[in-house]
Amino acid sequence: MLGSEKGATLANILDTGIKVVRNVDRLMFGSGSIKALPDVVKRFTSPNSDGTVVYLVDHFFREQSISSIWSGIPDRSLTYFVDSSNEPTTDGIDLLTRQILEDSGSVALVVAVGGGSTLDTGKAVSNLLTNGGRASQYQGWDLVRLPGVPKVGVPTISGTGSEATRTCVMTNPASGLKLGMNSDYSVFDFLILDPDLTGTVPRDQYFYTGMDAYIHCVESLAGSYRNAVGDAFSKQTIALCDEVFSSDDMMSSENREKLMVASYLGGSAIATTYVGVVHPFSAGLSVVLGLHHCIANCIALNSLSDYYPEASRKLRRWAEKQSVAVPSGICRDLEPDLYSALEKATLIHEKPLTNALGPDFKTHLTSSRVEEIFRMM
Ligand code: NAD
Ligand code: ZN
């Protein structure tokens, strides 16, 4: 409990309204667990129903052998490859949902196989299929009215925690708003967590996305809106990331298993807490300069050592150890209007900034201070 008057204001600003936490209903874990996918699909479909099983699969697997994923899949299924070179947009989700409805008539189950972009696409499509309308109508908190089509998540890269959270992040190109459908209905019904699937991830991408789990939890533990369950998830996530990234090979099979657990626990932690200063700056980089979420987080943390000195130091040490480059110099000499746009896109994230710096965060994060931080990136 926060005792002071200032504390009471803080608690009011940050109250998420979430008093009953919804977790993923069921999960399977372990090397080879993907082989159970056909049985998992059967749990959600009946031989007599004519609903289609829709697979949304990261485009990387278009060229790859995915026979182990596909073997034993019933005929009544449709596969769509998700182009994760761009993160999900509301328009893209609308288009895909319309296409699925045209192709299938009715959908019994959505199976999302991929990283945060594909898992979020699966959640958003599942909600739209039953709720109708457009994706942008549901960006916000608890706006989804009906349960979505049942959905199974199969992560193929670890870190964002999307597999565990109650949101699916999308950018609305018209408004520039980057916000998810925060809803109990966005939580997966079933997860298959098979670390074998992450073996093909490029090393730099593996590092950036893995660091998202670490950064979520560092920010949560440094914030003022905390709870004991979130803290416990966060501490274990940080311990696992420490082991993975300090080791000689972050992608050994043992470490891929650990990072998959860290991602799931990190997602569970962030579901009931807030991030801090890194994510708002990272969102500025994504919205204004089009950088992807996880690499943008690493670039931001690298320049935020005043706020997270230990984490910022560890980022540099781990990147060096794993031979991964964290880009720098990208905001050194931008046009003045871009600095203004970056500032606006950062300071709009009032809740995480309040969580990290208090309700008066703008007296600290002045225009010149924000520009100074961006210039270091
Ligand atoms: P991603 O889904 O964007 O994919 C990143 C890259 O990795 C892509 O090129 C993809 O093809 C590749 N890839 C994925 N699996 C692979 C594999 N097994 N082998 C080879 N390549 C593979 O990655 P991400 O970093 O997990 O997700 C980022 C997205 O997650 C962003 O849109 C972000 O906003 C979102 N996000 C969501 C939440 C949430 O709670 N819903 C939380 C944080 C971030
Ligand atoms: Zn994140």
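At 48% relative accessibility, Asp142 counts as partly exposed. Asp142 sits in the loop between β5 (140-141) and β6. Its phi is positive, about 55°, although Asp142 is not a glycine. Helices (H or I, at least four residues) and strands (E, at least two) are DSSP runs, numbered from the N terminus.

Ser323 also has a positive phi of about 55° and is not a glycine. Its loop runs between α11 and α12 (336-347). Ser323 is exposed, with a relative accessible area of 67%.

## Basis of the model

This is a predicted model: local features need pLDDT of at least 70, side-chain atom pairs count only at pLDDT 80 or more, and totals for chains, interfaces and linings use all residues. Residues are numbered from 1 along each chain as its sequence is written, chains are lettered from A and ligands numbered from 1 in the order in which they are written, and side-chain values use heavy atoms, with hydrogens and water left out.

## Shell around ligand 1

Ligand 1 has 29 residues around it. Asp58, Ser117, Thr165, Thr200 and Thr209 come nearest. A residue is near a molecule or strand if one of its heavy atoms lies within 4 Å of it. Helices α5 (116-131), α6 and α10 (293-302) each supply at least two residues of the shell. Helix α6 gives the most, with 4 residues.

For the side chain of Ser84, the distance from a ligand oxygen to an N or O atom is 3.2 Å. A nitrogen atom of ligand 1 is 2.7 Å from an N or O atom in the side chain of Thr200. Taken alone, ligand 1 exposes 870 Å², and the protein buries 92% of that. Accessible areas come from the Shrake-Rupley method with a 1.4 Å probe; for residues, only the protein chains shown count as cover.

## Aromatic cluster

A search of the whole structure finds 8 aromatic pairs. Rings of Phe, Tyr and Trp (its six-membered ring) pair if their centres lie within 6.5 Å; planes under 30 degrees apart count as stacked, over 60 as edge-to-face and the rest as tilted. The rings of Phe207 and Tyr208 have their centres 6.3 Å apart and their planes at 75°, so this pair is edge-to-face. Phe207 and Tyr208 are buried.

Tyr214 and Trp318 are another edge-to-face pair, 4.9 Å centre to centre with 70° between the planes. This pair links distant parts of the chain: Tyr214 in helix α6 and Trp318 in helix α11 (residues 309-321) are 104 residues apart. Tyr214 is buried, as is Trp318. Ring pairs link Phe207, Tyr208, Tyr214, Phe245 and Trp318 into a cluster.

## Other buried residues

Lys314 lies in helix α11. Its relative accessible area is 11%, so Lys314 is buried. Not counting residues up to four places away in sequence, Lys314 touches Tyr214 and Asp242. Contact means heavy atoms within 4.5 Å.

Gly230 is in helix α7 (residues 228-246). At 1% relative accessibility, Gly230 counts as buried. Leaving aside neighbours within four places in sequence, Gly230 is in contact with Ala269, Thr272 and Thr273. Thr156 is in the loop between β6 (151-155) and β7 (169-171). Thr156 is buried, with a relative accessible area of 6%.

Terms used: Buried < 20%, exposed > 50% of the residue type's maximum accessible area, 1.4 Å probe, protein only. Polar contact = N/O pair within 3.5 Å; in protein donor to acceptor, adjacent residues only side chain to side chain.
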